[in-house]
Amino acid sequence: MSAVMAAPQVAAAPPTRRNTELAMLAFACLLTVGAQSIVDLTVTGSLTVEVATFGASFTAIWAVAHLVVRKLAPYADPLLLPAVALLSGLGLVIIHRLDLAEQMDAALDGDPMPGAQAPTQLVWALVGLVLFVAVLAVIRDHRTLARYAYTLMFVGLVLLAIPAVLPASLSEVNGAKLWILVGGFSIQPGEFAKVALICFFAAYLVDKRDVLSLASRRFLGLDFPRGRDLGPVILAWAVSLMVLIFERDLGSSLLIFGIFMVMLYVATERFSWVLIGLLMFMGGAYLAYQAFGHVRTRVDVWLDPFAYRDDAGFQIVQSLFGLGTGGLFGTGLGGGRPATVPFAKTDFIAAAIGEELGLFGLVALIVLFLLIVERGLRTALVVRDSFGKLLAAGLAFTLAWQVFVVLGGVTKLIPLTGLTTPFVSYGGSSLVANFALVALLVRISDAARRPAVVMAPKTDLFDAPTQIVKRTQDE
Amino acid sequence: MNAPVRKIAIAVLVLFTLLILNANVIQVIQADSLRTDSGNTRVLIDEYSRQRGSIVVDGQPVATSVQTDDALQYLRQYPAGPLYAPATGYYSLIFGPSAIERTENDLLSGSDDRLLVRRITDLFTGRDPKGANVVLSLNPAAQQAAFDALQGVTGAAVALDPNTGAILAMASTPSYDPNLLSSHEPAAIRDYAAQLDAAEVDPRLNRATQDNFPPGSVFKTVIAAAALSDGYTPETLIPAPDVLELPGSSATLQNFGGSSCSGSEEQSLIDALTISCNTAFAQLWIDLGEERVREMAAGFGIDGTGFEMPLPVAPSQVGDIESEAALGQSSIGQRDVRLTPLHAAMIASCIANDGQLMSPYLVSEIQGPDLSALDEADPEVFSEPISADVANDLTTMMVSVVDDGSGQAAQIDGMDVAGKTGTAEVAEGVNPHTWFIGFAPADDPQVAVAVFVANGGSSESEATGGEVSAPIGRTIMEAVMGSTP
């Protein structure tokens, strides 16, 4: 410390750890390219130049991301980017592996050859990078977001509502109305709505937290809010129910409500809100169970998937078969039959990972997510402003909650809901929106770790140039 | 706001711990049962990339894997087509394996623990892993004779070596071609399965083991065994009325075709069995008491439970007998009395083997891929329901059936044959099921058989076990004795 102090021109700033990030990113890229090579060698028996192109493009994306962070958010948490890079790399490798499996199956059955989706996903990663850079470049201070709270709410709600009002032909895929289908492109606006709504929640709750946490009635040893302050909660609850009813999307509905309740709890520090939320959730869940056949089916299948192994439970049973076959070490990349599970590239990509990389691979995946989430929550602890705290906590918890809901569904811990595994699953909207989410986390973590006030370097009176002293006296 | 954020961090940790614990449960604790679940096609598909062991009968493969150049590397072939289908089963991409292909799958696919050492050496030497061969106890001549004799009818035949329990023949008709279910073309497999589904009776069903039928008078051997064990002799005179009034009901029981068993309405036990007198055996069961015969049946394994040999065998049973009228019908092997053809053969083999019933077995040897014996069948006693004396008396009585009674069509030149016929009425206007059980030579039994033909075969007149099933039994017994040196 004293050495630093002694150097006259250097500020006492904490290390930026950008080089640590660079080294870990290099490791993530190496791992990804290695895994891709193993897939090709195992499945096709040869390495083509495509592996090199893939490796170069993937590495380039993260090199750019790293340079942008170095320039625009030098104090950002160094673990976020490498963890995300590894997750997306793993996703791309598994999608590529499933492409090959589908092509082999098609060749076996004499069906037309399906197109490869891994290259498309790589393009989406590039789009994600552009948004990542844009977010960091445009939002130089996360607090500016709070000023656009109501605009973001409006944008979020509109994005959520679009698929519901569009005709089914333009919005429905596999029974869930949560898409915008235009000209061969499919966009899931809910993924973007999620990020916008979290920003709004953060701004709104910071603004209203005093009212929500102070005005209260005491009941059964807990401080309960006044009736009129329940408005926002009821609104969030209603919106998620509407998503469930009009878009038949159990996953997003659960996601939005869960995020809102947790952010409300963080803002008000009052557990009674969580209690109210849980009660409302149970009420909503009961209503949904009674009212909707597809919700009932999901629960019944969850309770005993093997009783429905040929119809409604086929997917989850195949997923469990895949996981069981994978066992502790997995079949090895390219050694399993992950394409047996329907929707292996999207909702069930974790089953493919568990089958080919085994329990070790699946747990590594979970721990990578845990790492991002806990770093996000740590950012929330350290950052100084309330809005930043709430936003960081909300973004981090969103990731955690989504991962829990989708992985829990795939492994039969909870009933199955259709959600993507962030960064890993095939799907442009999910990938791009989550890149934006990470950009925001990076931005806040930069603010959190940046030295609070840049103080003028202390200089010893002995060393001080006399002219300057003189000039000061002149003024 | 830091306190709630910390609590959220802990909550997330808990949630993720749950995920990890749950993954452990699935991928470690439940892994084996999930991996081997019949609905898990992964293992099946993986197996196609290894050379599956052969199923062998008398040195010749009856199921074998040959290399192909399509994506599934090995194709399962059954050179004899439908002949051995009830034993081998099929090995289907769509329906999975069946019969021996299923029960011995671990050995055939090479994953059985007995092949562990070889698997490890394969790993180091780079030799392609191969499954073990399963050698069946079947006698090709007897199997062919049984299969040929049953052509054109719905039926089943089983031949056993009474001294060991080895299954020498196990035929079921109509049969199917396992090659067509085991091809690599899903569409062709489905077409053939649809064709089999549309058949009047399912050709995939192994009638020798997977279904049971009313045995008719074959069951009288069990009643006779109970009587002999209780001190009766073949010469003991028993009542044999023309019409038996069944106590406690208005029902009566008559003899076959309304005929009379004996002018004096009384005859010896041996005569009653020889001409298969219904009223005599009904009265005999009443005199012995319901429980006594039920106990004897249970001694033969006819107790409502199945067993494995290693193919699963459907239960054989006496059924509920709630009245004297029901007992009357049961005494002639109808009502709820049911035998699998295999179990009927077991009754004959027990009598042939001095009262010792040997457990039937289909797999005589397991060979490693290098043809070294990994395991050999070890004959085991299934039960000992009757004494050697009772067995000898029963043999005498059953020889009389073939010499002078209903089973004369089973006679073989130069030796005594023991047998019993059965004709079970199923329904009004439908031909009865016909049965024959027997063994030969009576003094030194080498083969015991049971022949079942559903609905009296193809004969126009009302067929009996003696006319339809006994000649088939003789053919099979001759085939066994003609082929053994």
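This is a predicted model: local features need pLDDT of at least 70, side-chain atom pairs count only at pLDDT 80 or more; totals for chains, interfaces and linings use all residues.

Residues are numbered from 1 along each chain as its sequence is written, chains are lettered from A and ligands numbered from 1 in the order in which they are written, and side-chain values use heavy atoms, with hydrogens and water left out.

The size of an interface is often given as the accessible area lost when the parts come together. Here chain A and chain B bury about 3,700 Å² between them, and 73% of this lies on carbon and sulfur atoms; buried area is the accessible area (1.4 Å probe) that two parts lose on being put together, summed over both. On the side of chain A, the residues that lose the most area to chain B are A:F321, A:R337 and A:L381, which together make up 15% of what that side buries. Counted by contact, which means heavy atoms within 4.5 Å, 52 residues of chain A and 33 residues of chain B take part.

Polar contacts also cross this interface, and the rule finds 11 residue pairs of this kind, both residues being at pLDDT 80 or more. A polar contact is a pair of N or O atoms within 3.5 Å, where within protein one must be able to donate a hydrogen and the other to accept it, and residues adjacent in sequence count only if both atoms are side-chain atoms. Helix 15 (349-382) of chain A is one of the helices that each supply at least two residues of the side touching chain B, and the largest share of that side, 15 residues, comes from helix 15 of chain A. Helices (H or I, at least four residues) and strands (E, at least two) are DSSP runs, numbered from the N terminus.

How many salt bridges does the rule find across the interface of chain A and chain B? There is 1, where a salt bridge is a side-chain nitrogen of Lys or Arg within 4 Å of a carboxyl oxygen of Asp or Glu. A:R309 forms a salt bridge with B:D37, and their closest N and O atoms are 2.9 Å apart. B:D37 lies in the loop between helix 2 (31-35) and helix 3 (41-47) of chain B, and A:R309 in the loop between helix 13 (293-303) and helix 14 of chain A, so the pair joins two chains.

Turning to chain B, an open sheet of 6 strands has the order 3-2-1-6-16-17, with mixed pairing; two strands pair if DSSP finds at least two bridges between them. Its edge strands are strand 3 (74-77) and strand 17 (373-376), each pairing on one side only. Strand 1 (residues 55-57) and strand 6 (residues 133-136) of chain B pair in the parallel sense over 3 bridges, and B:V56 stands opposite B:V135. Strand 1 and strand 2 of chain B, by contrast, pair in the antiparallel sense over 3 bridges, and they form a hairpin with 2 residues between them, where B:D58 in the turn has a positive phi of about 50°.

Another open sheet of chain B has 5 strands in the order 8-7-21-20-19, with antiparallel pairing. Strand 8 (167-173) and strand 19 (418-424) of chain B stand at its edges with a single partner strand each, so one side of each is left without a neighbour in the sheet. Strand 7 (residues 155-160) and strand 8 of chain B are joined by 6 bridges, and B:A156 stands opposite B:S172 in strand 8.
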